[in-house]
Amino acid sequence: METKYRTLERQERAVNPTNEFEYPDLQKLGAPHINSFNRIFESAGPNFPPLIDLALKDIGKITLFDHNENFVGNPLGNKLTYWIEDVQLHRPTCVSSDGSKNDYALYPAECRERKSTYRGKLTCKLLWQINDGEICVETKSLGYAPIMVKSNRCNLEGMGPKDMIKHHEDAEDFGGYFVVNGGEKIIRLLIAPKRNHVTAVTRRSYSARGPGFTEFAVQVNCSRLDQSSVTATIHYLNTGNLLFRFTWFKQEFLVPISLILKALCNSTDKEIFENLVQCDIGDTFLKDQIELLLLSTKSYNVYTKDQALAYLGSKFRVTMSLPEDMDDIEVGQTLIDKVVMVHLENWKDKYNMMIFAIRKLYSLVSGKCQVDNSDSLQHHEVYMPGFMYLNILKEKIFDVLAYAKTLVSASFRKDPSSVRFNDPNYIIKLFKKVPMDVGLKLQYFLATGNLVSKTGMNLQQTTGFTIVAEKLNFLRYISHFQCIHRGSFFAELKTTSVRKLLPEGWGFLCPVHTPDGSPCGLLNHLAHKCEITTHLENTKDVEKCLFDLGVSFGLPNPKLFASSISKKAMVSNSTIINYNDPEFDYVTVQLDGKIVGFCTSSQAADIAKKLRIFKTQSLKPREPNSKYYIPQNLEIGLVPKMNNGQFPGLYIFSTPNRFVRPVQHLATKKIDYVGPFEQVYMEIACMNDDIRPGQTEYREIQPTHILSSVANLTPFCDFNQSPRNMYQCQMGKQSMGTPSQALRHRADNKLYWLQSGQTPVVRPALYDNFGIDGYPNGMNAVVAVLAYTGYDMEDAMILNKSGLERGFGYGSIYKTEVIDLNEYRTKREPITHHFMIGSDITEAKVLNNIDADGLPFIGTPLVNGDPVVAIFNDVKNTTNIKKYKGEPCYVDTVRLINSDKNNLTGDPELQMVQITYRIPRAPVIGDKFSSRHGQKGVNSIRFPAIDLPFTESGMQPDVIINPHAFPSRMTIGMFVESLAGKTGALYGVPQDATPFQFNEENTAADFFGEQLIASGYNYHGNEPMYSGVTGEEMMADIYIGVVYYQRLRHMVNDKYQVRTLGPIDPLTHQPIKGRKKGGGIRLGEMERDSLLAHGTSYILQDRLLNCSDYSRAYVCKTCGSILAPIAIPTTNIVNLDLNENEQKMFVHKTRDIIDFVNTKSFITDKVERINFENTQSTHANAAAAAIKSATSNKFRSHSRLDLICRVCQDPDITLIAIPYVLRYLATELACMNIKINLTVN
């Protein structure tokens, strides 16, 4: 591979952009999201209508009756049938502010800046008819639904870089996200069970479901054509019966499987027996179980298909909420269509699939086949964003129809005569009462990620469906489109099996790119070349090809086995029957969960091999040189017959939502796509040396295809210890970089920008394919591996002060503040606040910062407390100056925003502005840096260049890193990068750092060492260096080279926390937590133990008492109580400021108060205490009021109090210092009748 700088070429494209994308690989990242959304409203071919039409067909029609006794012809009265058709999502538009012009096209950039949602009008046709008469049509609005950027409903569809720049977007923006309330949201990729495939499971929880239940079951995740799904489970009971379990509107139901078999096909018990036994005549366990199963049907007195349907219909009539005029048989038919093998329309196919599922369950119970690993990628697919959007839309449309039915039912219960279906006005008024804003519910789902569903949509979670597409840097942004989560349900499990990296995920899920911590193993990322299928394929030629290759139609029959045995006996003259003869070893052939037919195991292997060859030959439908059109992403899963292995068969899949990846087919030398189900039983060579002639069918195109896009950008990652590569995947997404090229038109709450970003000298070839040069997120640094001065201990690093002054690692933070004057008024009130400076403002500082329009000048430097916006109140005729809060910054952008989101015509004058502040962030001590190999550290000192060591050529390091960082972490890739960066800088060329290109024969040390020798440097990258302090040569040569360094977003200025005084908790009087609130940092038990171990008692007292909840309290020396002491006015007082009459009254009234308090404290009976308070409190209150009135201010300024214990009446009380929380503890214990005694000396 080769990588180039292409500086001039990129400059030319930036100055003169075209409409041809420079990086096609980048556009593929959003393709699965966009394609799945496009399938909702566009057709994929003649036989594949838009998915929304299929969803509306599945919803069907709602039928109601008004029970009008006067109606002739139907005892149920007039019949109302209504339904919805032709749901359309229109492109986003916006009404012009003056209302005089036509609507203009709305683009995502405007929605981002306005903090609004990028959405289009959602409309439908509501149709109804009375008594099957004339159909009435009315076009209804379903609100405004969010639209995926660059989808077929987006105004940016089909635009190239040149047009994208005109509309304030990044030139290579690939879409796939929604703009909701100004933020970019992505519907997260979620792992789902593989559709239309029967999986064998054992769970101990099944045994606890009820009497007779065992741990054995089989499950099928059946998916309809509209991509909605139903999970069906068949349970094995120890009585021999089988129960079919399904969920309907979050309610579970169990139905005997024998009833469903009877309802599906008008077969006798003998025919069912033969279909289940097939050719396993010698399997006595199977025959016994089938006999018990058929005997269980007798208790229901069901013998025919109609009887079975009528029985099921009678039980589910109320649950299904179907029309009243349907009989039990029709209800039973609807039940079968809605819940039994819903991916198949033909009932014979449903029956065959049920037979297969039962046989697999019996095979699992008998031990002939193993359990299918539900955590293996072999049995997984993906919940696609567009299809999830469609399912929510489908459910909300059904809710609209169901709500109308609810209104009719409520009216009928209140007043039956008010329900008049024969009155057209009644129907119109009925539908006007129905809330039809479906778009608002879709917007809520995208904004919160919470699913509000009555059916559950066959999902295991209700939250966490959407994520914010953060533009912290470009690597973080692109990783959002490749991340795939197992589901929030699995995050709560205590087991670790769901988190394990299994070999079935090779080439589909990246083994490196997963976070550490709680989401480890649950949040994975797709491999670089892994693709997700999104289209329904035409498989008619596949079925024709299967039959031509020898597949027999239907199911194997015992008669087939008997006839084969008789023929063989006639030929061999032998009467011995060999049940394990390979000639009778039949397996089923399935296509997308439908049983096509059967063949022998040897035939299946031959068919699979030929199908793969046909697949590589027919790249387009009906090419002249191909007999059949076999889709290129067809998955051909051949499971051979093994002892206690997976259930054998030939399973072929062409459905959407599957994982596929490209490999090279060795026989034809063409690119083929394989899936995780078939890969388990295939031999794919990683390198040419791994090919085994005659056995290996496929070869990896590149070994790097197993890694994700972000993991592939780690240079020489094959030299590193695996955890370090994991750390780099996380730190690469936390580094300051270039979040967007259209920075002027973004109004994110917070953006990080590295202003001195560079292209790396050492980078993999994928760096060019993704155009990362347009979004640099690091700097090339001269790095010396050297223990120097001790400032580089514990991963700290020394930075060259001169390098920092030249701009090394210099960045800025952009923060946007929204000022909305609508907060000062309620709806429909006139505007009273305006952006302007009134005549009452004359202060020079305000006039220097703020223009006459009330807005700040661009480029104005601000510090905390500076005026930033002036708001004039024309009611009070005053100007309110809004001040800036925060660290020093500059006013970067001021945007004038139309704030009224409910009224498209907007406000008559400006009421909202957005101000973006640019906060400069030069690196300071404590800021975090890292290389691309997981070697992170903080800046410990800005070392003057005059004191730094230097080489013979005069080079000084930008970064000094301690050599102790390498031995335990084994990041050899950083050493190799240092060598490659050194040679690349010397020759002025980029160095290819793609992993797996070196081996034991061709080593990286030799490759780059020879280049260093040719440049006159040491072969190993070492150089003699001289001390910057003494000028003497160091005793050892120093390893020095060029390494790409990243500045992480973790900065001291965002994290330092200092507090002396501040807000406290009102209950405990301890400091609150939270840096923004001025809170403190918790000193926990372990920190306390550490301080105790060091004997630092004064620090402990200062932290835990003086700076926390220091308080002073009175304690009784006699009884030790801190709750009993009270302060009362003293009786031993002579107030010289009072005259004789005032003095006598003061003493007399004070004694009255003391007597009241003391008497009250000694009354224990509750009733007596209440009576005493009622009679005496008035007298005591009057006495206190008299004292206050008589003494006035003279008494208040010279008052004295006596301290007395209410428990022991002892005046021996002292003042002590205690934590306030001890008082709280004493009070809480007193509520439980527990007393605390303190011993006071």
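Modeller: Happy to! Let's begin with S376, whose side chain makes a polar contact with the side chain of E504, at 3.5 Å. Please keep in mind that we are looking at a predicted model. To find the serine, go to the loop that joins α13 (347-366) to β15 (380-383). Is S376 buried or exposed? With a relative accessibility of 1%, S376 counts as buried, because the cut-off for buried is under 20%. Setting aside residues up to four places away in sequence, S376 touches L502 and E504.

The partner of β15 is β9 (residues 189-193), and the two run antiparallel over four bridges.

The database record is worth a glance here. In an unreviewed entry, UniProt places the feature "domain: RNA polymerase Rpb2" at residues 204-382, 468-532 and 1079-1124. For the piece covering residues 204-382, the end C-alpha atoms lie 27 Å apart, and the span is 45% helix and 20% strand. In the piece at 1079-1124, the end C-alpha atoms lie 33 Å apart, with 41% helix and 15% strand.

Now for another sheet. It is an open one of five strands, in the order β10-β11-β12-β13-β14, with antiparallel pairing. Its edge strands are β10 (198-202) and β14 (251-256), and each of them pairs on one side only. Here neighbouring strands are turned by 25° against each other on average, direction ignored. Within the sheet, β12 (residues 229-237) and β13 (residues 242-248) pair in the antiparallel sense over four bridges. Look for H235, which stands opposite L243 in β13. Which helices meet this sheet? Helix α8 (residues 257-264) lies across β12, β13 and β14, running at about 75° to β14. Helix α11 (residues 305-320) also packs on the sheet, where it touches β13 and β14, and its direction makes about 175° with that of β14.

Let's move on to helix α16 (residues 438-448). Its buried residues include V438, G439, L442, Q443, F445 and L446. Why do these sit on the same side of α16? They cover an arc of only 155° around the axis, which puts them on one and the same side of α16. Among the elements covering the buried residues of α16 are β5 (119-130), β6 (135-146), α14 (385-414) and β16 (466-468). Both ends of the helix have something to show you. After the helix comes G449, whose phi is positive, near 75°.

Six of its seven residues are buried, so β22 is largely enclosed by the rest of the structure. Strand β20 (residues 552-553) pairs with β22 in the antiparallel sense over two bridges, and the bridge partner of F553 in β22 is G597. Strand β21 (residues 586-591) is also antiparallel to β22, over six bridges, and here Y586 has T600 as its bridge partner. Together, β21 and β22 form a hairpin with two residues between them. In that turn, D592 has a positive phi of about 55°.

As a last stop, here is another buried residue with a side-chain contact. T916 lies in strand β39 (residues 912-921) and is buried, with a relative accessible area of 4%. The side chain of T916 makes a polar contact with the side chain of R895, at 3.0 Å. Leaving aside neighbours within four places in sequence, the residues in contact with T916 include Y814, K815, T816, Y890 and R895.

Definitions and conventions:
Residues are numbered from 1 along each chain as its sequence is written. This is a predicted model: local features need pLDDT of at least 70, side-chain atom pairs count only at pLDDT 80 or more; totals for chains, interfaces and linings use all residues. Side-chain values use heavy atoms; hydrogens and water are left out. Two strands pair if DSSP finds at least two bridges between them. Axes are lines fitted to C-alpha atoms, for helices over the stretch in contact, and angles run from 0 to 180 degrees between N-to-C directions. Contact means heavy atoms within 4.5 Å. Buried means under 20% relative accessible area, exposed over 50%, partly exposed in between (1.4 Å probe, protein chains only). The arc is that of the directions from the helix axis to the C-beta atoms. UniProt positions are given in the numbering used here, feature names are shortened, and annotations may be inferred rather than shown by experiment. A polar contact is a pair of N or O atoms within 3.5 Å; within protein, one must be able to donate a hydrogen and the other to accept it, and residues adjacent in sequence count only if both atoms are side-chain atoms.
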